[in-house]
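Trainee: I'm new to this one and would like to learn how its features get their names. Could you show it to me and take my questions?

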Amino acid sequence: MNTTSTSGFEFLPANPTYDNIEIYSPFAKLADEHFLNRGLNIRYLENESILISFDKMDLNTKNQLLKEIKYFLKQSRQKIINNFLIYKGNKMNYL
């Protein structure tokens, strides 16, 4: 049975299925920028997530893309944290 390898996403902001992967905000914006010029079918959802479709991809291509997305999400965590800290540091404190 041919299956797509979706293990390893348990603590990442994404939900992979056989047909697609949903990447949640705030990682969605970074992922969209990173994967934009790959010719992927990317949809934007109302909850500020993105959905990358695996439609018409063979099993090897899906698995390779999932590995790349997993690596990208792990590497992006520090950027998201830094952006949050910059935003939080620029907020006015009225206490």
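Mentor: The sheet here is open, with 4 strands in the order β1-β2-β4-β3 and antiparallel pairing. β1 (14-16) and β3 stand at its edges with a single partner strand each, so one side of each has no neighbour in the sheet. From one strand to the next, the twist averages 15 degrees. Those angles run from 0 to 180 degrees between N-to-C directions, with axes as lines fitted to C-alpha atoms, for helices over the stretch in contact. This is a predicted model: local features need pLDDT of at least 70 and side-chain atom pairs 80 or more, while totals for chains, interfaces and linings use all residues. Residues are numbered from 1 along each chain as its sequence is written, and side-chain values use heavy atoms, leaving out hydrogens and water.

Trainee: What makes β2 and β4 a pair?

Mentor: Two strands pair if DSSP finds at least two bridges between them. Strand β2 (residues 20-23) and β4 are joined by 4 bridges and run antiparallel; Ile21, for instance, has Ile52 as its bridge partner in β4. Strand β3 (residues 41-44) is also joined to β4 by 4 bridges, with Tyr44 opposite Ile50. Strands are DSSP runs (E, at least two residues), as are helices (H or I, at least four), numbered from the N terminus.

Trainee: Why is Phe35 called buried?

Mentor: Buried means under 20% relative accessible area, exposed over 50%, and partly exposed in between (1.4 Å probe, protein chains only). Phe35 has 0%, so Phe35 is buried. Phe72, at 11%, counts as buried too.

Trainee: What sits over the ring of Tyr18?

Mentor: The charged end of Lys62, 3.8 Å from the ring centre. The term asks for NZ of Lys or CZ of Arg within 6 Å of the ring centre and within 35 degrees of the ring normal.
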